[in-house]
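Morning, everyone. Please look at the model on the screen, and keep the sequence beside it.

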Amino acid sequence: MNDTLAIFGFPTTPLELISFALAVTTVLLNVRQNHWAWLFSITSSATYAVVFFDARLYGDSGLQLVFIAASVWGWYQWLRGAGETRLVVTRLHGAGWAWALAGWALGFLLLSWFLKTYTNTDVPHMDAFLTAGSLVGQLLLARKKVENWVVWIVVDVLYVGLYLFKDLHVTAVLYAIFVLLAARGLRAWGNIARVDR
């Protein structure tokens with residue numbers, strides 16, 4: 001599954017291509033608020049964990065394991081909601097944004113230090129920044145917050161550059177597609193959102 005092959009002149013592997021297809025399916029189902037997205041998320045996270053580890057993107061590889069756990073929790077949230085209340089799309093209030101940004105910053109600092117100190121990655125700061133942002137985006141998605149799409153747009157744009165740098169061209173294309181899908185999700189969810197009080 002890790003034998004190199006060329007697609008349009010770019011090197012890739014069958015595992016990266018499978019991960020690509022699973023990840024696109026995940027986001028398309030998320031935009032539609034279909035709970036089966038979480039199953040595809042679990043599967044694509046498992047396969048991408050291997051792809052990223054092979055590329056020495058250890059933060060992203062470890063993030064995929066966190067995504068698996070977060071996807072189980074997100075699936076439960078979407079199916080069960082909060083107690084007797086069904087989970088609906090809402091917006092963050094000011095304090096919610098502050099907590100999200102503080103979590104992102106703290107995650108960046110901790111992961112950056114860890115990756116620089118304990119791994120041989122050549123991109124510890126970018127890997128840490130995008131890993132921390134992805135965790136914030138995943139938590140907001142699981143709680144059906146419109147702003148998850150804003151986080152994903154920022155993260156995905158930066159991931160395109162990182163994956164081009166790491167010669168993961170197929171995955172760079174995937175994240176460019178993710179930017180478009182996140183914009184679509186932002187518009188769709190923004191039209192149905194309630195303000196979180």
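First, a term: a crossing is left-handed if the near helix is turned anticlockwise from the far one by less than a right angle, and right-handed if clockwise. Helices here are DSSP runs (H or I, at least four residues), numbered from the N terminus.

This is a predicted model, where local features need pLDDT of at least 70, side-chain atom pairs count only at pLDDT 80 or more, and totals for chains, interfaces and linings use all residues. Residues are numbered from 1 along each chain as its sequence is written, and side-chain values use heavy atoms, without hydrogens and water.

Now the pair. Helix 1 passes helix 2 in a left-handed crossing. Their axes, lines fitted to C-alpha atoms over the stretch in contact, lie 8 Å apart at an angle of about 150 degrees. Helix 1 and helix 2 are therefore roughly antiparallel, a label for angles over 145 degrees between N-to-C directions, on a scale from 0 to 180 degrees.

Next, the core. A nonpolar core is a set of buried Ala, Val, Leu, Ile, Met, Phe, Trp, Tyr and Cys residues joined through side-chain atoms within 4.5 Å. Buried means under 20% relative accessible area, with a 1.4 Å probe and protein chains only. The largest such core has 45 residues. Helix 6 gives it the largest share, 8 residues.

Which residues have the most contacts inside that core? Leu 57, Trp 149, Tyr 159 and Tyr 163.

Last, Val 160. Val 160 sits in helix 6. Is Val 160 buried or exposed? Buried, because its relative accessible area is 18%. Leaving out residues up to four places away in sequence, Val 160 touches Ala 172, Tyr 175 and Ala 176, with contact meaning heavy atoms within 4.5 Å.

Technical notes: Buried < 20%, exposed > 50% of the residue type's maximum accessible area, 1.4 Å probe, protein only. Helix = DSSP H or I, 4+ residues; strand = E, 2+ residues; numbered from the N terminus. Parallel < 35°, antiparallel > 145°, perpendicular 65-115°, else oblique.
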